Structure formats: C-alpha cells, structure tokens
Amino acid sequence: MPALIAFGRRWGIGSDDLVCFGLALAGIHVFGAVFFGIIYHLHDRNYPCPSIGVLHIFLIGVFAILSCLITLEVAIGIISSRGTIYNSRPRRSLRYFLYFRLLLILPELTWTALGTYWTFSDSSDCPGEDIVVVRIAILANWCLFFIFLLMVYCLFDPLGSLPLDGRFGQEELERAQRVWEKRCRLVCCCAQTGNDGQTYSDLGALLASVFLNMGTVPSDIAAGLVLVHRQQEDSQLFARIKNGDLTRNDRLVMSPFDVNIEDDRVTLKNLTHYANYAKAAYGWPFYLLHNFTTGQCSLCRYYRFCSCIRKNSAHRFPIIGDNCCLCNYATIRATTKLSKEDILYTRYIDKDYELPFFVAIDQPTKSIVVSIRGTLSLHDALTDLRAIPQELNVDGVEDAYAHSGIYNSAQKVKILLEEEVGLESIMANYPEFKLVIVGHSLGAGAAAILSVLLESHYPELSCYAYSPPGGLMSASLAKYSQKLVTSAIFGNDLVPRLSLQNVMKLRSSIMACIRFCRRPKYQVLMTGCCCCATTCCQCCIGNDIDLDDIIINNDNNNNNSSDSETEIVPLLTASRVGSGSFGAIHNVTDIDLFLPGRIVHVVEDQPPRHESCNSNPTYKAFWSDLTAFDALLVASGMIGDHFPDAICNSLLQLMDQYPQHFDTEIQI
C-alpha cells in the first residue's frame, strides 16, 4: 500500500508484492542459465549438426539476456522488501527497474523466436533426442511469456486512474459501479437471475461503496487480516468471549446458560432436536460430503429409482424439483428418521429468491416443521449479497427494516406455503400441533423473517435459527422477534457477525493496522501462513505494531478516531454518492442490521494445553446480547464453525454433558 503506480495509473498489485515474485523468477532464470550452459558444453564445434553455429549464437544470446534478467529480478525483489506496508518511499525507484525489465522483453522475444525457428525448421539434420530437449526449453520460455501476459491482464485495474482523496463525481461513481457490476456478472455467469440488470447494478453499487476508496490491493487486505487477528488476540477478545465476560459500554452482554432453569433446559433440548431438520434441508450433496464412506449406503434404502418416469407414485404428498432418484427426499428421511407419511411437501427448485424447503410432521413434539435450506448455490450467494435494508410493515414496530434479499426470499416461501402447500389447511387438520420454522445460515435468516410475517396468523409459532446472518434485522425488529425466534451460534462463526456495519468497521481496522505496522508485508504474510498463528505472531511481529495507539484511538477518543480513519480511508457519504443506485448506499450507513431473536452462543471450553491431547473438549452456552456480535472476528474457526454439523454436534455434546437433565436421546 499504496498500489504500484506505473505508466501513470495504479495497478492491482503493491510495490511490496514483488519480493517472492522477483526472487522466484530469478531462481527460474538461474536454472535456465545452468540448463542452457550444459547444452552449450555438450554441443561443441565438432558436434555433427550443420546448423550448430546458429545454436551457439542462440545460446550465447540467451546467457547475456538471462544474466541481465537475473540481476534485475534480484534487484526488484530486494527493493520490494524495503519499507513498510504504508511507507512506500524506500521503494520509489522500483518502477524504473520494472520499466527496464519490460524493455528486456523485446530481445527476449526475439531470441526465443530465433530458437523456435532453429529447433522446428533448421535442425532436421541434428540428432533428434538433443533437439527435443531444446524444444522443451523453448516451449517453457513461451509458457512463461504467456503467463506474464495473463498476469498483466489480471493486475490491470480499470479504476486505477481514479483519485484516492474521495472526491468523486457522478461519472466516476457510475464507472466504478459498472466495473464491479461486470465483475459480479463474470463470477456469477452461471446464475441467471430474474432481473439481471437491477440485481447486478445493486451489487455493483454496494461493492463499489466498500472497496472504491481503499487504495489497497488484495495482499494488503490479507496482511491487514493477520494484523487484526493479532490485535484481537492482544485485546483478549477471544478469551473474553470464551469466558462469557464480554462487555459493551461497561455492561456484561453474555450470561451463562443454566440447565437447572426450565426455560434454558427446554430451549437447549428444542435447539438440539430441530437442528436435524435444518441440516436435512441441504440435501444429498452435503450429506454425502459429511458422510463420505457410509453416505450412499444410508441413503440407498430411501432412494426411489427412476421415479421421474413412473406413472404411479407411491408418495402421497408432492416432491417438486428433486432428481430422478429423489436423492434430496432420501436425505431428509435419512437425517430426520421420518416416515414418508410425515413428509408433507418438499421443494428443491433453486431460482432467484426461491429457497428450497420442506414441510414435515414431527410427532414427538407435536409440531409442523418448515425447514429452509441455506446457501448452496450461486443464486443463494446473490441473495446473500443483496444486503441493502428494506422496510417492512410490522404492526407495533417502528423503523422495521430487514435484509432485502432474504426478505424477498422469505416472502416467496410465504406465498408458496399459503398457495401451494396449503399451510392453513394443514394446521387445521392438526389442531393440537404448533408451527415451527427452522433453517441454517441463509435459511435461518429467511426462517426468522418468515416467522415475523406469519406471526399474525400463527401466534404460537416458534423459530429456531442456526447461524443466521448478522445483518438481518433492524434493532427494533430484532427486539420484536425475541418472542418468536431463538438463534443458535457456535464458536467464532463468521456469518452471524457479517453485517455491513461490521464490514465497514473491519475495513477501518485493517487500514489502521496497515498504517501503524512497522514490518514489511512479506514478513506479515509469512506470519499468517504459520500453523500456530498466535505463537508465530508474537515471535515474528512482536511489538512492532502500534496496537496500543490503535486501541486508544478506537475506544477512548472516538472523535479523533473518526477523523483519523476518515483521513486514512474517506468513505462514501450521501454528498458524494449523488443519485441513482449509489443513493441507496446512504441507507447502509444509517441503518444497522442485527441478529434476530434471543441468541444462544455455544463456545468450546478447551482443556489446558497439557491435557488437550488426552481429553475431549467440553462446551459452554451463553445467552448473548446482539451487541456481542458487533465485530468480525478474524480466527481460524470463522469458516469451519459455520457448517451445520458444527452447531449440531456442539448442541448434542452440550446436552450429553448433563445426562441427568435430559432423558430423551437425540441422534444427529
């Protein structure tokens, strides 16, 4: 940071990213020089080949070019290692070495073309086995050249000519939006949405608002994440979460879960029981992934082969969008152990704003369960990214906003339940049964919003949301949903903390850590690649980062911190975004979205290090306030803790720790 400036524009690589690149290329060219030297030594003037003189001229030219390349690339690697991430002045001469390196491409291409001509056209009278070796070397050189062209194409930044002072006109903003829109279309080229133009336009505006004015490259973000992780470790954030003594504004926001209290005991039992339904909604791909050796055998008994061509179906209730062997239906039965009569409806059509779900009867708890699948496709990912707040009309709730993509998906599920499933008639046929809505991840967010939408018709309904998205509901709506929704979160799960306001906080933290870091980027990234991240961070980085200054600025001097962060990273504001799609970004900074309902946070209570190899971990649960998830944690388990198996297994093991309180066996 800042990005490399060459030819009057910024590129998608930093001036300190060429350490490994320069030294690696130098190593490749040293190997090439040795290789061609051996060839020159073996093919002297007496070698039986009429065109041996051309080969000698070619090899001498190769030695000269490789010598210049090795010298330049070593110099590029050394200069790129100077300075710090933020201070690029010691690297200001790097661009001139790069210009010289580009000039050497011309003789390099010329000489490679000469070698190509000799090996493929003028060497027919030379021994074939020797010519093959030279041809391989020439082809390898061409491959390196085309890889170089591909890298230049990938590193070209279409927005590299925009200023970094945040003074953008409407034309620059629209240009940035188009660039990000094009990138979204490229990544999601296989997902055809119902309203392509508006969908990708909104995503382009949102992503541009986050990344447009950072002035960083991807490696800066990676290094910043390593530094933020160190900062969170030093502030004892992870330890406070595990111990349940996390505070916000001098108020404890976590309270221990007590199984001696009936409400806590019933909540834990229900969360563990309905977790099977949330996991079953993912269908056969996820089931086989997590049951790789025995999955097929477990599902085989529930398959209905060639059901798509059979005229008479043995299934009483509709199964829509499944494959020919009903693999998703088989997964539901294998996971939940339900009979086919208890599965009332399954739908696995995956389209824009259409989430797969199923409806089943749970006899032990006398409930009708609606289970909604989480993110498993590009359509689902697009729904996740449509994070602009959308207003809801909820009686008795002011300023009710929700995640627009998930809200529209919940609306679609509601329409299908009412018009296609016939939920009202089902509940009428089972008057003693209650309605329970469950889901995981994206499905948990849709389930929480759906419970709010259906609450007026089914006031006794319950919702169990496993690892729901953090940016889901406004504070007023989240408080209202506490009577309906119980959210379960495990460990350092990323998704429950993933909201737009938390992304902006992480953005500022990354920029601050990058600015105050005194180490070169390659050393920080090497630290992040270590397996034992905490120990290596302390050994390699030590106290060379002014973490205390950052913490003081963030916690004790909010006004100065705000000014400092604005100086580092000017954010897009309403006065800068103007009208059009960027006008909606004003809502992002004004409306914060949070987790729904009551929050149960399960954490792993790790044994002491000297006992960790011989004992199994135990688990603790806490009732948490939504403010406990007001920051993104950069931790090793932030991805793995989100998988449905993680939350399901942790809840089951938590129950097993109190066998005297739970007499019903639950299998997951």
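The model is a predicted one, and the points below are grouped by topic.

**Overall composition**

- The protein contains 26 helices and 16 strands.
- It has 668 residues, of which 51% count as buried.
- Where contacts join residues at least 6 apart in sequence, 72% of them are between residues at least 24 apart.

**Loop residues with positive phi**

- Asp250 counts as exposed because its relative accessibility is 81%, and the cut-off for exposed is over 50%.
- Lys337 likewise has a phi near 60 degrees, positive although the residue is not glycine.
- The position of Lys337 is in the loop between H13 and strand S7 (343–347), and its relative accessibility of 59% makes it exposed.

**Packing of helices H11 and H13**

- Two packed helices are described by the angle between their axes and by the distance between those axes.
- For helix H11 (residues 283–290) and helix H13 (residues 327–336), the axes come within 7 Å and cross at roughly 55 degrees.
- H11 and H13 are therefore oblique to each other.
- On the H11 side the contact involves Gly283, Trp284, Pro285 and Tyr287, which meet Cys327, Asn328, Thr331, Ala334 and Thr335 of H13.

**Nonpolar surface patch**

- The most is given by H5, which contributes three residues.
- Met151 is located in H5; with a relative accessible area of 32%, Met151 is partly exposed.

**Salt bridges**

- Side chains of opposite charge can pair when their charged atoms come close.
- With a salt bridge taken as a side-chain nitrogen of Lys or Arg within 4 Å of a carboxyl oxygen of Asp or Glu, the count comes to 20 salt bridges.
- Asp625 and Arg251 form one of these, with the closest N and O atoms 3.7 Å apart.
- Asp625 lies in the loop between strand S16 (618–624) and helix H26 (644–656), and Arg251 lies in strand S4, so this pair ties together parts that are 374 residues apart in sequence.
- Both partners are partly exposed: Asp625 has a relative accessible area of 26%, and Arg251 has a relative accessibility of 43%.
- Arg598 and Asp263 form a salt bridge in which the closest N and O atoms are 3.2 Å apart.
- Because Arg598 lies in strand S15 (residues 598–605) and Asp263 in helix H10 (residues 262–280), the pair ties together parts that are 335 residues apart in sequence.
- Arg598 is partly exposed at a relative accessible area of 26%, and Asp263 is partly exposed at 41% relative accessibility.
- Arg373 and Asp380 form a salt bridge whose closest N and O atoms are 2.7 Å apart; both of these residues are buried.
- A network of salt bridges links Asp16, Asp17, Arg91, Asp220 and Lys521.

- Glu354 is found in the loop between S7 and strand S8 (357–362).
- Glu354 is buried because its relative accessible area is 12%, and buried means under 20%.
- Apart from neighbours within four places in sequence, Glu354 is in contact with Arg347, Ile349 and Lys412.
- Glu354 and Asp380 are 26 residues apart in sequence, and their C-alpha atoms are 8.5 Å apart in space.
- Asp380 is also the partner of Arg373 in the salt bridge described above.

Methods. Residues numbered from 1 in each chain as written. Predicted model: local features only at pLDDT ≥ 70, side-chain atom pairs only at ≥ 80, totals over all residues. Heavy atoms only, no water. Helix = DSSP H or I, 4+ residues; strand = E, 2+ residues; numbered from the N terminus. Buried < 20%, exposed > 50% of the residue type's maximum accessible area, 1.4 Å probe, protein only. Axes fitted to C-alpha atoms, helices over the stretch in contact; angles between N-to-C directions. Parallel < 35°, antiparallel > 145°, perpendicular 65-115°, else oblique. Contact = heavy atoms within 4.5 Å.
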